[in-house]
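Work through the following exercises with the sequence and the model at hand. Each task is followed by a solution in steps.

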Amino acid sequence: MTEYFFVFFIGVLLGSAELISRYKDEPSALLTMPATYIYLLFNGFVGVAAFYLLTIFPLPAGDEAETGTALQRSVENVLIAGFGGAAFFRSSIARTKVGDLEVSVGPAFVIDAFLGATDRNIDRRRALERTQQIPILMRYIPAGFAADALTQYCIETMQNLSAADEKNLETRAASILKSDLPANVKSMLVGMVITEFTGHKVLEAAIESLHEEVETAREELRRLDEELSISDIEAMLSGAEPANPAPSGAPPGTKVRRRR
């Protein structure tokens, strides 16, 4: 039973490492999700099944001098079953496309099915948490400040963030800022992107640290809006075209939403 325990432990350890590598921003959140434990149990039982097969069909052994003691053989079998079972179920003969989906042909199909179901379950749970937390933090932060200063501040707080991840975060934040979405939606989307790399708690702490800078950015935005509104009114009174004309075909009185 001790051997089975260690084989099971190796399988769970490998499954844990795989999930942590996929959810690097907040691995502790995995502990609250049932799908995590289902995936870990599956990985553990894969190793147990491999070890059971080794007890039924033992590996060929030479003389006593070559095979070593019973303890050495037991350790070898545990390691072979623990790591070999995981490697077997992650191998594939080939990969083929079913529609737009790439499917493994071979044992990897089983682990891909379990991992896909686990990913979807975890993503749904985390999406629910983000839609409840991020709007509270980001709704009133100017989009330009979120995509520039806040993003850079969060990047610098992370000591081990790779250059590729930094570039990815900056590119995605800039892309959101250039979109035609409402300003508050842009801010929330930037916040969600940041949490993918830093986690929710880092974002919350960064916003708290930059409280004065956020207020300054909001005040500057309000001042610019007031100046633009005054210039539009003056232009209309003088008979000139307003600085922010409504698009052709828009109903009378339509105002253009300025990107912030």
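**Exercise 1. Two packed helices**

How do the axes of helix α8 (residues 183-198) and helix α9 (residues 200-209) cross, and within what distance do they come?

Solution. The model is a predicted one, in which local features need pLDDT of at least 70, side-chain atom pairs count only at pLDDT 80 or more, and totals for chains, interfaces and linings use all residues. Residues are numbered from 1 along each chain as its sequence is written, and side-chain values use heavy atoms, with hydrogens and water left out.

Step 1. Two packed helices are described by the angle between their axes and the distance between the axes. Axes are lines fitted to C-alpha atoms, for helices over the stretch in contact, and angles run from 0 to 180 degrees between N-to-C directions. Helices (H or I, at least four residues) and strands (E, at least two) are DSSP runs, numbered from the N terminus.

Step 2. The axes of α8 and α9 come within 7 Å and cross at roughly 120°. The two helices are therefore oblique to each other. Angles under 35 degrees count as roughly parallel, over 145 as roughly antiparallel, 65 to 115 as roughly perpendicular and the rest as oblique.

Step 3. On the α8 side, Gly 191, Ile 194, Thr 195 and Thr 198 meet His 200, Val 202 and Leu 203 of α9. The residues of this contact divide into three nonpolar, four polar and no charged. Here Ala, Val, Leu, Ile, Met, Phe, Trp, Tyr, Cys and Pro count as nonpolar, Asp, Glu, Lys and Arg as charged, and the others, Gly among them, as polar. Contact means heavy atoms within 4.5 Å.

Step 4. Just after α8, Gly 199 takes a positive phi of about 95°.

**Exercise 2. Salt bridges**

How many salt bridges does the structure hold? Where do Glu 196 and Arg 172 lie?

Solution. Step 1. Side chains of opposite charge can pair when their charged atoms come close. A salt bridge is a side-chain nitrogen of Lys or Arg within 4 Å of a carboxyl oxygen of Asp or Glu. The structure holds five.

Step 1. In the pair Glu 196 and Arg 172, the closest N and O atoms are 2.9 Å apart. This pair links distant parts of the chain, with Glu 196 in α8 and Arg 172 in helix α7 (residues 163-178), 24 residues apart. Glu 196 is partly exposed at 33% relative accessibility, and Arg 172 is partly exposed at 28%.

Step 2. Helix α10 (residues 211-238) holds both Glu 219 and Arg 222, three residues apart, about one turn of the helix. Their salt bridge has an N to O distance of 2.6 Å. Glu 219, at 45% relative accessibility, counts as partly exposed, as does Arg 222, at 37%.

Step 3. Arg 223 and Glu 220 also both lie in α10, three residues apart, and the closest N and O atoms of their salt bridge are 2.4 Å apart.

**Exercise 3. Helix α4 and Gly 15**

What distance does helix α4 (residues 70-89) reach from its first C-alpha to its last? Is Gly 15 buried or exposed?

Solution. Step 1. The expected span of a helix is 1.5 Å times one less than its number of residues. With 20 residues, α4 reaches 28 Å, close to the 28 Å expected.

Step 1. Ser 74, Val 78, Ala 81, Gly 82, Gly 85 and Ala 86 are the buried residues of α4. Their cover includes α1 (2-22) and α2 (34-56).

Step 2. Gly 15 has its place in α1 and counts as buried at 0% relative accessibility. Leaving aside neighbours within four places in sequence, Gly 15 is in contact with Tyr 39, Leu 40 and Asn 43.

Methods:
Buried < 20%, exposed > 50% of the residue type's maximum accessible area, 1.4 Å probe, protein only.
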